[in-house]
Amino acid sequence: MSDACGSCSSATPGGGCSSGGCDKGPENLKLEKTLSRIKHKIVVMSGKGGVGKSTVATNIAVALSLAGKRVGLLDVDVHGPSIPRLLSLEGQQPHIGDQVIEPISWSRNLWVMSLGFMLPSKNDAVIWRGPVKIGLIKQFVEDVAWGDLDYLIVDCPPGTGDEPLSTLQTLGQDAHAVIVTTPQGVAVDDVRRSVSFVRQLGNPLLGIVENMSGFACPECGTVHNIFSTGGGEALAAEMGAKFLGRIPMDPEVARSGDDGFPLVKVDHDSATAQAMNAIIKPMLGMADLLQENNMMPKIDDLPSENGKVRIAIPVVGMTLCNHFGHCEKFAIVDVDTELKSIIATTLETPPPHEPGVIPAWCADQKVNLVIAGGMGARAQAMFTDRGVKVITGAPAVAPEEIVNKFLAGSLVTGQNTCDH
Ligand code: ADP
């Protein structure tokens with residue numbers, strides 16, 4: 001049974017708030033501080049193991065670092081930590097100080113942390129219960145001295161169990177997911193579950209990567225489609241997610257992984273490395289990617305009734321209220337979809353706050369889009385379930401100003417933080 005946060009309709013299975021911003025207990029201040037110094041968090045996930053998730057996560061981290069970004073690579077795959085091997089860092093031992101762990105430096109701007117560094121031998125199996133694993137994931141985020149990072153790339157255990165859940169909840173609502181799959185139908189079914197998992201948690205999905213898609217001939221570099229390809233792309237289209245691209249099966253990928261030198265570094269001119277770089281390059285412009293990825297819906301994407309779209313914004317006085325669940329009123333702004341201009345704004349009082357009440361009330365008011373400052377994952381999922389789109393991280397200014405910027409495509413959003 002989930003307990004809802006009293007402040008933002010958000011909940012975690014163990015109770016409390018999952019919105020990140022509402023967790024103001026002293027035990028979470030350290031986590032918040034760590035996270036506030038990391039600009040972008042990308043969690044690489046997969047429906048099942050062996051699809052190349054760690055390989056993709058490592059190459060993303062290395063490529064971003066080669067582009068001059070400050071990058072952290074965190075391996076929370078507690079059952080098969082492979083990042084140390086993929087980066088020739090096996091046997092390294094991080095320095096552990098007073099409640100702080102120094103990440104291992106791979107280059108001057110790429111730092112790595114993995115459970116693999118903590119195990120006495122690479123043959124040691126880790127048999128830990130859920131709560132211990134969850135505690136470890138949180139510790140690896142908050143107790144590691146990551147410093148200021150442009151990107152934290154997280155290699156997450158496969159599936160949709162406790163560890164991916166805890167990873168996304170620890171990192172917060174602005175952690176973006178990348179899902180890796182292979183083209184075969186069975187893997188695609190697993191990924192379908194991963195996509196809905198990410199959506200239910202309310203985290204943004206950057207897109208889907210299809211790995212081992214076709215075979216890159218070692219002689220001529222030509223990609224032969226010996227097995228089916230396109231499963232990941234078809235799934236992305238079916239689920240309204242962005243298809244980030246495909247990487248062929250290439251013996252060089254396996255070899256470079258075994259040797260501990262990621263392909264994007266050692267063989268960056270090869271067709272396979274270029275395919276990887278084509279997937280990674282848009283991540284350098286995350287804001288554009290999010291826009292393109294429909295994270296910020298456009299007015300034309302919203303279902304309209306009689307040429308009208310209805311937008312709700314929680315307000316206190318006449319400015320946006322960050323404290324979504326307990327705002328005084330909602331500004332209900334009607335927009336003419338043809339003219340892309342505001343028809344009318346009214347102020348409505350929402351019913352008293354109870355988890356789930358405001359999403360239902362907004363749906364009854366025929367609202368198509370809610371633009372909020374901060375909102376928990378649970379509340380976002382409740383809106384989405386009722387067909388109401390959500391934008392979070394909007395600035396605390398007048399509702400008409402927000403809507404006009406949204407209509408002009410110039411609304412800039414920041415962190416999804418509830419200020420309660
Ligand atoms: P996961 O993290 O999903 O379990 P890994 O990244 O560890 O998967 O990859 C599993 C194996 O497949 C590794 O041996 C890796 O080198 C290999 N591999 C991954 N991607 C490719 C590819 N595109 N071509 C050839 N081998 C690959």
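Which residue in β8 does isoleucine 42 stand opposite? Isoleucine 42 sits across from histidine 176. The model is a predicted one, in which local features need pLDDT of at least 70, side-chain atom pairs count only at pLDDT 80 or more, and totals for chains, interfaces and linings use all residues. Residues are numbered from 1 along each chain as its sequence is written, and side-chain values use heavy atoms, with hydrogens and water left out.

Strand β8 covers residues 175-181 (strands are DSSP runs of E with at least two residues, helices are runs of H or I with at least four, and both are numbered from the N terminus). It runs parallel to β3 (residues 38-46), with 6 bridges joining them, and parallel to β9 (residues 205-216), with 5 bridges; two strands pair if DSSP finds at least two bridges between them. On the β9 side, valine 180 has valine 209 as its bridge partner. In a regular strand, side chains alternate between the two faces of the sheet. For β8, both faces are covered: Ala175, Ala177, Ile179 and Thr181 are buried on one side, and His176, Val178 and Val180 on the other. Buried here means under 20% relative accessible area, exposed means over 50%, and partly exposed is in between (1.4 Å probe, protein chains only).

Next comes helix α10, residues 271-284, whose 14 residues reach 20 Å from first C-alpha to last. That is close to the 20 Å expected, taken as 1.5 Å times one less than the number of residues. Still, α10 has a kink of about 30 degrees at alanine 278, shortly before proline 282; the bend is the angle between axes fitted to the seven residues ending at a residue and the seven starting there. Buried residues of α10 include Thr272, Met276, Ile279 and Met283. An α-helix has 3.6 residues a turn, so residues three or four places apart point the same way.

Most residues other than glycine have a negative phi. Lysine 340 is partly exposed, at a relative accessible area of 32%.
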